[in-house]
Amino acid sequence: MAGQAWPVLGSSGSAPNQCMLPGLQDAHGHVLELGWSISSVNLVGASSVQEIIERVENYVEARPDVLADEDLWIEGLGWDQTRWSPPIFPAASDLASSRLLANRRISLRRVDVHALWLSPRALADVERGARFPRPDQDVPGGLVVRAPDGSPTGILIDRAMEFAYAVIPSWTDEDRSRYLSAAQRSLLEVGITSVGDAAADLDTLDFLRKRDAQGSLAVRIYGMLACPANSARCSDEAARRGFPLLPSPSASNRLTVRTVKLFADGALGSWGSAMWDPYADRPASNGLLLIPEADVQPLIQHWVDAAWQVATHAIGDRANSIVLDAYEAVLTSSAHEGKDLRPRVEHAQLLRLNDTARFGSLGVIASMQPTHCTSDMGYVEHRIGLERSRGAYAWQSVLSAGGLLALGSDFPVELPNPMHGLYSAITRLDSQGHSPHGSKGWFPKERLTRAQALHGFTRAAAHAQFEEHISGAIHPNFRADLVVFDRDVMDEGRTSPSQLRAAQVLYTLVDGHVVYASTQR
Ligand SMILES: [Zn+2]
């Protein structure tokens with residue numbers, strides 16, 4: 001291990017319970033969005049529309065530049081209508097009730113980033129956009145929520161969010177630099193040394209490559225290319241700009257790009273996940289397929305033929321079946337039989353019970369987020385009923401059928417702290433020790449052991465990135481990416497689940513260098 005002097009752990013006898021683990025890997029997060037979220041209005045946990053209005057007001061009042069300029073866009077993240085009663089979507093008019101906010105451009109992302117809530121002025125800007133649909137026009141893979149008179153309420157879902165993103169100023173490299181710095185700080189302080197960056201456009205990948213060349217990536221980033229919405233097969237453009245980008249064994253690069261991210265459906269919280277049967281609490285809806293069903297397999301085939309790993313977002317049980325069918329067809333085709341393709345399903349959140357075993361039998365990686373389970377479990381049964389909930393976040397079923405489970409947090413949708421992920425994985429309880437099914441956890445048979453959960457945040461996440469031979473374990477000739485905790489998080493006798501959840505990182509090392517050291521060590 002190269003690098004600076006390194007204290008010998010426990011040698012003084014003062015802290016014998018500390019433990020060292022391989023650097024933790026978040027298989028699915030959003031790096032720049034994490035930095036962006038830190039500088040945006042934080043709406044996570046807000047329990048009423050009024051509380052959200054107050055948080056936005058406080059944000060504006062605390063920033064003289066924003067306060068003085070009514071034309072600036074104000075962005076926020078984290079609202080969740082399931083937290084208030086009745087659990088209905090907010091509307092643009094709600095934001096007009098505040099004198100401070102009434103004439104401002106405000107865009108607030110739902111906690112799952114699959115819906116936007118716009119202020120009246122922001123909505124007016126978006127409606128003036130060239131492609132904004134008339135009331136009688138459907139949006140493929142998206143929805144403009146409308147009042148009975150046909151006027152938009154200010155909520156845009158999934159593909160309809162693109163009408164807003166076309167109007168909101170896009171990020172400059174200066175913005176990206178700020179977001180990257182903030183994100184790296186908050187990842188290293190929770191022991192994360194490698195991230196699957198689960199949707200990066202070509203400009204972002206260009207930016208990350210420049211930063212990598214300058215040596216300013218402190219965290220390893222496994223970038224997953226997200227093509228523009230109107231160009232789902234952007235592999236030629238990607239090739240023109242130098243992607244895929246594989247690390248050369250001799251170089252110290254920390255950016256790898258060999259994966260494309262596809263989106264098969266929306267998310268559960270906004271009724272966007274594509275289900276076989278209608279939602280229990282919205283019988284007229286089965287959710288949204290973001291790729292027409294007939295296009296899923298040809299699109300995956302295109303990317304596999306172009307030698308990219310494919311990672312497809314699928315949350316609803318129908319989206320998961322369709323994606324597994326498509327992967328099966330590609331994996332068993334004569335052109336690709338026997339190749340090490342490692343296709344991934346991102347989220348794999350709601351599964352028909354007979355689909356849980358297909359991850360193992362097909363060799364499809366399930367990239368799942370334990371904290372999504374414990375954040376969502378309060379409303380899942382209401383939304384899809386008890387029977388379908390048995391296949392929700394079915395980690396143990398996927399594993400016991402031989403599937404590979406790469407774990408992550410989907411930050412900034414959830415906090416990046418992997419100890420929160422381990423806690424959720426081993427308990428299926430919220431942070432207070434509660435679940436809709438009591439203190440044993442929600443569908444406790446799907447809980448993971450500590451070792452299984454740690455495997456998901458290390459070895460399996462490394463495998464999902466073709467790096468199991470150099471990463472995800474403490475081993476000679478592996479990368480010296482390490483994390484030291486203030487307690488032995490793997491010792492079930494001495495560290496309870498809630499103590500595990502509260503564990504603090506003392507040191508984080510990348511390539512043998514201390515890149516984070518706690519002031520409390
Ligand atoms: Zn994500």
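Q: Which residues line the second largest cavity?
A: The second largest cavity has a lining made up of Pro22, Gly23, Gln25, Thr193, Ile470, Ser471, Gly472, Ala473, Arg479 and Asp481. They are called lining residues because each has an atom within 4 Å of a cavity point, and a cavity is a set of points, on a 1 Å grid over the protein atoms alone, where a 1.4 Å probe fits but cannot get out. The model is predicted, so local features need pLDDT of at least 70 and side-chain atom pairs count only at pLDDT 80 or more, while totals for chains, interfaces and linings use all residues. Residues are numbered from 1 along each chain as its sequence is written, and side-chain values use heavy atoms, with hydrogens and water left out.

Q: What volume does the second largest cavity have?
A: Its volume is about 50 Å³, where a volume is the space filled by probe spheres set on the grid points, which are joined across faces, edges and corners. The largest cavity holds about 60 Å³, and two cavities of 30 Å³ or more are counted.

Q: How do the residues of the lining of the largest cavity divide?
A: They comprise four nonpolar, four polar and four charged residues. Ala, Val, Leu, Ile, Met, Phe, Trp, Tyr, Cys and Pro count as nonpolar, Asp, Glu, Lys and Arg as charged, and the others, Gly among them, as polar. Among the lining residues are Ile221, Asn253 and Arg479. Strand E10 (220–225) and strand E11 (255–263) each supply at least two of the lining residues, and E10 gives the most, with three. Strands (E) are DSSP runs of at least two residues, numbered from the N terminus.

Q: What makes strand E17 (residues 505–510) a partner of E18?
A: Two strands pair if DSSP finds at least two bridges between them. E17 and E18 run antiparallel and are joined by four bridges, so they meet that rule. Within this pair, Leu509 stands opposite Val514 in E18.

Q: What order do the strands of the open sheet have?
A: The four strands follow the order E1-E16-E17-E18, with antiparallel pairing. Strand E1 (19–22) and strand E18 (513–517) are the edge strands, each pairing on one side only.

Key
1 Å grid on protein atoms, 1.4 Å probe; cavity = no way out; pocket = protein on both sides within 12 Å on 5 of 7 lines; lining within 4 Å.
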